[in-house]
Amino acid sequence: MHSLRNVSKGMMAALVLSVVIAFTISLIPSVQFSQLQPDFPVFKHISQSTLSEENLVDFISSTPTQLLIKKVIWKEETLAIDFLIDKNHRVETNDMYRDLYTVTKKGFVQTKNVKKILLRVFVNNMDTLFMSVAADKKDILKNPTMELEESMTYKEFLEKHFRTNYGNAIKPD
């Protein structure tokens, strides 16, 4: 009986010690978290950057595209990009429109100073203009975040909000 009592005391001590350790450990993350980070909103506001010659390469390279980028010009609040589709690099049509939409959205939504975007897609070593998009930031005043309407395709968005041309309608520089 005496040994049973010692076992019971030992088990009780182990249980109490386990509860104290678990409680102490559970407090550590909340104390550290509350000291390091204040409350933050779930939908974080994306701060707009200012596009310049110094950060142009970072801006373009941080935008993944299926289209090959051949030329980029930043001048007087206008971003102009020439893309190429060649026979060795096939791109699905929807991917092309998604790329054009994504570049335009990033230029207008994530920067303060991009007022116009001119995009051209060439085929066959830059000798044939497939299509172009001329976008002005004024064109999205009613939809400044450039959200797609329900069941709207990238192509439909581009054609609805911006000037799009197909074929050699615009002469290359």
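Modeller: Along the protein chain, starting at the N terminus, the elements follow the order α-α-β-β-α-β-β-α-β. That amounts to four helices and five strands. Please bear in mind that this is a predicted model.

Colleague: What makes the strands a sheet, and in which order do they lie?

Modeller: Two strands pair if at least two bridges are found between them. Four bridges join β4 to β5, so this pair meets the requirement of at least two. The five strands form an open sheet in the order β1-β2-β3-β4-β5, with mixed pairing.

Colleague: Why are β1 and β5 called edge strands?

Modeller: β1 (68–75) and β5 (163–166) each pair on one side only. Within the sheet, neighbouring strands are turned by 10 degrees against each other on average, direction ignored.

Colleague: How do β4 and β5 run, parallel or antiparallel?

Modeller: β4 and β5 run antiparallel. As one example of residues facing each other, V133 stands opposite T164 in β5. Helix α3 packs on the sheet and touches β2, β3, β4 and β5. The direction of α3 makes about 160 degrees with that of β3.

Colleague: What makes D82 and R120 a salt bridge?

Modeller: The term requires a side-chain nitrogen of Lys or Arg within 4 Å of a carboxyl oxygen of Asp or Glu. For D82 and R120 the N to O distance is 2.7 Å, so the pair qualifies under the 4 Å limit. D82 lies in strand β2 (residues 78–85) and R120 in strand β3 (residues 116–123), 38 residues apart.

Colleague: Why is D82 called buried, and what of R120?

Modeller: Buried means under 20% relative accessible area. D82 has 6% relative accessibility and therefore counts as buried. R120, at 12%, counts as buried because its value also falls under that cut-off. For the protein chain as a whole, 30% of its 173 residues count as buried.

Colleague: How do you know that K105 and E147 form a salt bridge?

Modeller: The closest N and O atoms of K105 and E147 are 3.4 Å apart, and the pair is therefore within the 4 Å limit. K105 belongs to helix α3 (residues 93–109), while E147 sits in the loop between β4 (128–136) and α4 (154–161), 42 residues apart.

Colleague: What is the accessible surface of the protein chain?

Modeller: The accessible surface comes to about 12200 Å², and carbon and sulfur atoms account for 58% of that area.

Notes:
Residues are numbered from 1 along each chain as its sequence is written. This is a predicted model: local features need pLDDT of at least 70, side-chain atom pairs count only at pLDDT 80 or more; totals for chains, interfaces and linings use all residues. Side-chain values use heavy atoms; hydrogens and water are left out. Helices (H or I, at least four residues) and strands (E, at least two) are DSSP runs, numbered from the N terminus. Buried means under 20% relative accessible area, exposed over 50%, partly exposed in between (1.4 Å probe, protein chains only). Accessible areas come from the Shrake-Rupley method with a 1.4 Å probe; for residues, only the protein chains shown count as cover. Axes are lines fitted to C-alpha atoms, for helices over the stretch in contact, and angles run from 0 to 180 degrees between N-to-C directions. Contact means heavy atoms within 4.5 Å.
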